[in-house]
Amino acid sequence: MDSIFYHYTDFQALDGILHSAQLRVNNVLRMNDSAEMRHFMGRLSSAIVRQLAAEGETARARAVQTLFQEELEKEYSAFAACFSFRRDDAAQWERYGNQGRGVCIAFQGELLRRMAAGPLSLHTVFYEDDMTGHPMVDRFCGLVRGKASLSGEDRDIQLAMRDAWACSVAFKHPSFSSEDEVRLVVSPFGNEELDVRPCYHVTKERIKKYYPLDLRTMCRQAGASLEDLVAEIIIGPESTQSLAILQDYLAGNGLAVLAERVSLSGCPLRGMPK
């Protein structure tokens, strides 16, 4: 993995992340629907079955197929925050950075990885429709080879299924591969609970559910500070935001160190519709 994750957003979200020290993880159904999650699990099952069958493990292949069929009868949802490995990227500005009028916050990847514990996990988005090369294939195959019998009640199987569902949240169609995305996922797939009360944002059209992660607490538990977490702040190419005022805002919020890490986008993105 690269060392920096870039989060493209708007200035309201920037205020929430830096002033309130909260990172929202939103319902993944706003990003990729449950059909994509289930599609991932089905394709993963097929890849595992093919590999086991090729090894002559026909009985185990059938057992795995049955386990996944039972698993796909369940309904899951999850929440995630999205990042990209791409810095100052035109497509990211257009899609997620308020059409270039927003801001990009760069996070220290290694620190974010340390903060992703318990029900939180980091996943690089997988863009291939064929799951043959997915690491979960080898994990399941190695797991079932060592079992005399397979059962959905087996703890090792349950953990592997939980992690497979978490990976499904980080699955997207190959046409999105240029996004080069990584996701911080809250996985409601096991017994671990996220000790955060959900919040609701009401708009004119709908009510959105999200979980606010306390970044200061998470940083402290990882032996760091919010200032350690944020590597850079980039003002969007179409933004009218004054660099000096943003620096004053950061200093006024006790984040003077971050004021020195603000820059203007160098992306030649102009003429987007207002």
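## Model and confidence

This is a predicted model, so local features need pLDDT of at least 70 and side-chain atom pairs count only at pLDDT 80 or more, while totals for chains, interfaces and linings use all residues. Residues are numbered from 1 along each chain as its sequence is written, and side-chain values use heavy atoms, with hydrogens and water left out.

The chain has a mean pLDDT of 88. In all, 92% of its residues reach 70 or more. Here pLDDT is the predictor's confidence in each residue, from 0 to 100. Among the elements of the chain, strand β4 (residues 103–108) has the highest mean, 98. Helix α7 (residues 155–169) has the lowest, 86. Helices (H or I, at least four residues) and strands (E, at least two) are DSSP runs, numbered from the N terminus.

## Strand pairing

Strand β2 (residues 22–27) runs antiparallel to strand β8 (residues 207–214), and five bridges join them. Two strands pair if DSSP finds at least two bridges between them. Asn26 has Tyr210 in β8 as its bridge partner.

One of the bridges puts Tyr200 with Lys209 of β8. A hairpin of four residues leads from β7 to β8.

## Helix α6: two sides

Which residues of helix α6 (residues 135–145) are buried? They are Met136, Val137, Phe140, Cys141, Leu143 and Val144. These residues cover an arc of only 165° around the axis, so they sit on the same side of α6. The arc is that of the directions from the helix axis to the C-beta atoms. Pro135 and Asp138, on the other side of α6, are exposed. Buried means under 20% relative accessible area, exposed over 50%, and partly exposed in between (1.4 Å probe, protein chains only).

## Aromatic contacts

Rings of Phe, Tyr and Trp (its six-membered ring) pair if their centres lie within 6.5 Å; planes under 30 degrees apart count as stacked, over 60 as edge-to-face and the rest as tilted. By this rule there are seven aromatic pairs. In one of them, the ring centres of Tyr8 and Trp93 are 4.9 Å apart and the planes stand at 90°, so the pair is edge-to-face. Tyr8 belongs to strand β1 (residues 4–9) and Trp93 to helix α4 (residues 90–96), so the pair ties together parts that are 85 residues apart in sequence. Tyr8 and Trp93 are both buried.

Phe83 and Phe107 also form an edge-to-face pair, 5.4 Å centre to centre with 80° between the planes. Phe83 is in strand β3 and Phe107 in strand β4, so this pair ties together parts that are 24 residues apart in sequence. Phe83 is buried at 2% relative accessibility. Phe107 is buried too, with a relative accessible area of 0%. Ring pairs link Phe5, Phe83, Phe85 and Phe107 into a cluster.

## Charges over rings

A charge sits over a ring if NZ of Lys or CZ of Arg is within 6 Å of the ring centre and within 35 degrees of the ring normal. Arg24 lies over the face of Tyr210, 3.9 Å from the ring centre. Tyr210 is also the bridge partner of Asn26. Lys172 lies over the face of Phe176, with 4.7 Å to the ring centre.

## Cysteines

How many disulfides does a search of the whole structure find? It finds zero. The nearest cysteine sulfur to that of Cys167 belongs to Cys141, 15 Å away. The cut-off for a disulfide is a pair of cysteine sulfur atoms within 2.5 Å. Cys167 is buried, at 12% relative accessible area.

Cys219 is buried, with a relative accessible area of 0%.

## Asp163 in helix α7

Asp163 is part of helix α7. Its relative accessibility is 18%, so Asp163 counts as buried. Asp163 and Arg197 are 34 residues apart along the chain, and their C-alpha atoms are separated by 23 Å.
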